[in-house]
Amino acid sequence: MPVEAQNTKILVVDDDLIIRKLVSGFLSQKGYDTATCNNAGDALTHLENQAVNLVVLDHLMDPGMNGLEMLKHLRTQGSHVAVVMLTGAEEHEVIVEAMQAGAQDFILKTGGNEFLLKLEQGVERALRVCLLEQKMREAHEALQQQAEFLQTVIDAVPTPIYYKDREGRYIGCNTAMADFIETPKSDIIGKKATELYESVLAERVSRLDDTLYAQGGHSLEELSFTRSDGTHHLLLHKARFQEPGGAMGLVGAVVDITDRKLYENELRLAQTVFETTSEAIVVTDAHNRIQAVNPSFTHVTGYTEDEVIGRDPGFLSSGRQDKAFYHKMWLQLSQNGHWHGEIWNRRKNGDLYAEWLSISAVHNENNETTQYVAVFSDITKRIKAEELIRHQANYDALTNLPNRNLFLDRLSRSMVRAKRHKTQVALMFLDLDRFKSVNDTLGHNVGDALLQEAAVRISTCVRETDTVSRLGGDEFTVIIPDLHHVNDIEKIANKILYQLSQPFSLAGHEIFVSGSVGVTVFPDDGQDLEVLLRNADTAMYRAKEAGRNDFRFFTQEMNAEAHEQMVLEREIRKAIKKEEFVVYYQPVVDVKQGRIVSCEALVRWQHPFKGLVAPNYFIAIAEETGLIDGIGHLVLKQVCQQIQKWQNDPVMKDIRVAVNLSPHQLRNNNLVHDIEKMLQYYGISAGALAFEITETQVMQDPEGTAVLLDDIQALGIKIYLDDFGTGYSSLNYLKRFSFDVLKIDRSFIMDVEVDSGDAALVEAIIVMAHKLGIKVVAEGVETENQRQFVAQQECDLIQGFYYSRPIDAEEMSSFCHLNFAKN
Ligand SMILES: Nc1nc2c(ncn2[C@@H]2O[C@H](COP(=O)(O)O[C@H]3[C@@H](O)[C@H](n4cnc5c(=O)[nH]c(N)nc54)O[C@@H]3COP(=O)(O)O)[C@@H](O)[C@H]2O)c(=O)[nH]1
């Protein structure tokens, strides 16, 4: 390469003036631009300030730094200036040292001026070498820059990338790789997989590398890697090895596919759920056109996927929901992105079905609705079961009329509405007259059929808006809301009564019953539910008392009575607690023996203010409220105590005491047990006791009463049939129940003197009872004529004012003693 001397600056450094001048002069002659320095210090200063292409440097210089030291200094300072060393002698070590220190050439200053010729060649050579070195440096720098750029590019790649040498050592990697394996690049470079990874992974990587080195080409493998935080990562590892002329070694990249795998698994799971779930799923696009349905959809609706794709799900609509319903649904969907509710749709076969539907809108990243996912389950069976349960809870199973629950609900709603609209509500209570006897005589099946027919007849008498309910037994109610004229009630009540009075043809029987109706009006008669119910009940009883087949409006007088009854009930309750009830005894005389053989225990209330109160005042209400059980218990206790006392009295010890049993007491399951306990407690014999029950009581539950009376008689206690003649006076009952004594009701005895019919009846009853082996008591004998009449008819026993009114225990004892003395 030719060196142009003209523009080449040469600095000649030598402490020898002659050599300095000689060399600089020679080089100037050759066209070089020269400068001189006589020591290393000046030369370095010159080099700092001036551009110099070559330095001719004397090896030995005095004083200070010699040429070799200056050369070393220059190179350590990074100077690349060409240096030709001048040495005085053939000092090989110096020459080697100078060349090693970075001199481009050296010239021996021997042979006079001949060395100048060598110098010229040396300078040219040194300049060429220097130029070459300069070019190499520049090329190297360019390469380095390129390499750095490439590294920057690789580092910018988020995928971990590495390259290895032929031995499997890492010779480079990007930042993503270092980050991923949590090791600094500097610690990766030069290492093998076995020095970086746990044994299983290291072995796997090494094996893969070996295969690649052996076969070339590329490999694609899934590897698993655990990071220091314990998270497991699934990696897709791709490596490539090509030789010769290819990469220096093996290049690899790693993609973390953990999330993708998870996503794939989730997708697979979702697909399985979609296919196998029992809930029907419909996916529609943003315009509500079906994109996909699952097998359960087909199962519920009967439509296959092919039949529905692209259609609007609205084709399933049953028409049960109106436009407003769907409008509201879509509004909520667009506002909240979600809707759920119950919908009735139609299957392919035309059947209606109920579904619980849940629709969710699917949004993209711009929050635009892209799809709708509707999930539904067939709840028809559940709805029907719920309907049935609701029906059973609110409707009477026998008549299918609303029951007490629904009746109360409807009544309170009617009251609220009436209050708001300032109207009236009429409430009717209706009780079938003589239903009990139909049930008892013709059986429950006929009774049930009668109730069903009655329910239909009552319902035909009212409007759709009115509510007929059955509260239980033979009790019905009618609610007439929005009542305009009270006259309307009268019309309806009369219609109902007429309907009920018509004969019922049931099971081959023609049955006649009637109804008793009580009416109360809201808000005039009462403001709350309980008051209205009580009013209607009271009025209904009044209708019954008035002779049945009639209706009564509730009046304030009834209200006053009802109030009185309430007060009385409270008082009775207190009186039971305070044991204010006392027993009076009415003697019963044996006609033949002419002496007292028994007595009837009759309760009185020793009232703290009212004095001695007769039973007619409190027995009925006590019976109605169940308080009669308490009174009956007190009576039996006092009677047993009294019998116990009388047992030590020879006159009294054989006097049997008859105690009245009320219907309510007969229904008490513990009655026999209580009586037995009482006998045991007072140590009295069962023969000293008798119980009186009425015919009507027997009729109310003949089967149950028969069992009960058997149990009582089994204890040795006598049973009297009281008030005979006032009820059904059924001979059948007389035969079926083994009564010990029959008591002819006072109403027949009262008129025997004036009413031949009554006289004949009394006579017949006595004959009939005797024929059945039953003794007879004539009740209410007040006069000698009455006494004579019953005695003539061979009545066995007489009770009545003729002998004595009911008297207390002490009087009874004195009376018996007197009677005993007379006989
Ligand atoms: N469950 C219970 N009922 C009882 C009890 N004590 C009484 N009663 C029942 O109360 C009704 C009224 O009883 P009372 O006022 O005691 O009247 C009795 C007699 O005084 C009355 N009687 C008797 N002889 C005559 C008479 O010659 N003339 C006339 N005017 N009255 C007379 O009859 C009543 C007894 O009737 P009965 O019971 O049918 O034999 C009454 O129904 C009692 O049963 C009790 O403890 N428990």
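Which residues is aspartate 58 in contact with, leaving aside its neighbours within four places in sequence? The legends below, all for a predicted model, start with this residue.

View 1. Aspartate 58 lies in strand 3, which covers residues 54-58. Beyond its neighbours within four places in sequence, aspartate 58 is in contact with Val13, Asp14, Asp15, Asp16, Ile19, Gly67 and Leu86. Aspartate 58 counts as buried because 26 C-beta neighbours lie inside 10 Å, the cut-off for a buried residue being 20 or more. An unreviewed UniProt entry places the feature "modified residue: 4-aspartylphosphate" at Asp58.

View 2. The 5 strands follow the order 2-1-3-4-5, and their pairing is parallel. Strand 2 (33-37) and strand 5 (105-108) stand at the edges with a single partner strand each, so one side of each has no neighbour in the sheet. From one strand to the next, the twist averages 20 degrees. Strand 1 (residues 9-13) pairs with strand 2 in the parallel sense over 5 bridges. Lysine 9 has aspartate 33 in strand 2 as its bridge partner.

**View 3. Helices 2 and 5 on the sheet.** Helix 2 (residues 40-49) lies across strand 1, strand 2 and strand 3. Its direction is at about 165 degrees to strand 1. Helix 5 (residues 115-156) also packs on the sheet, where it touches strand 1, strand 3, strand 4 (82-87) and strand 5. The direction of helix 5 makes about 175 degrees with that of strand 5.

**View 4. The largest nonpolar core and a second core.** The largest nonpolar core has 71 residues, of which Val635, Val639, Val657, Val659, Phe691, Val776 and Ala778 touch the most other members. Helix 22 (residues 628-646) gives the most to this core, with 8 residues. A second, separate core has 43 residues, including Val468, Ala493, Ala539 and Phe553. In soluble globular proteins, nonpolar side chains tend to be buried together.

**View 5. Contacts of valine 776.** Not counting residues up to four places away in sequence, valine 776 touches Leu742, Ile744, Ile765, Ile766, Ala769, Cys795, Asp796 and Leu797.

**View 6. Aspartate 590 in strand 23.** Strand 23 (residues 581-590) contains aspartate 590. With 14 C-beta neighbours inside 10 Å, aspartate 590 counts as partly exposed. Apart from residues up to four places away in sequence, aspartate 590 touches Arg595, Val597, Asp796 and Leu797. Aspartate 590 and cysteine 795 are 205 residues apart in sequence, and their C-alpha atoms are 9.0 Å apart in space.

Definitions and conventions: Residues numbered from 1 in each chain as written. Predicted model: local features only at pLDDT ≥ 70, side-chain atom pairs only at ≥ 80, totals over all residues. UniProt positions renumbered as here; feature names shortened; annotations may be inferred. Helix = DSSP H or I, 4+ residues; strand = E, 2+ residues; numbered from the N terminus. Buried ≥ 20, exposed ≤ 12 C-beta atoms within 10 Å, placed from the backbone. Contact = placed C-beta atoms within 7 Å. Core = buried A, V, L, I, M, F, W, Y, C linked by C-beta atoms within 7 Å. Pairing = 2+ DSSP bridges. Axes fitted to C-alpha atoms, helices over the stretch in contact; angles between N-to-C directions.
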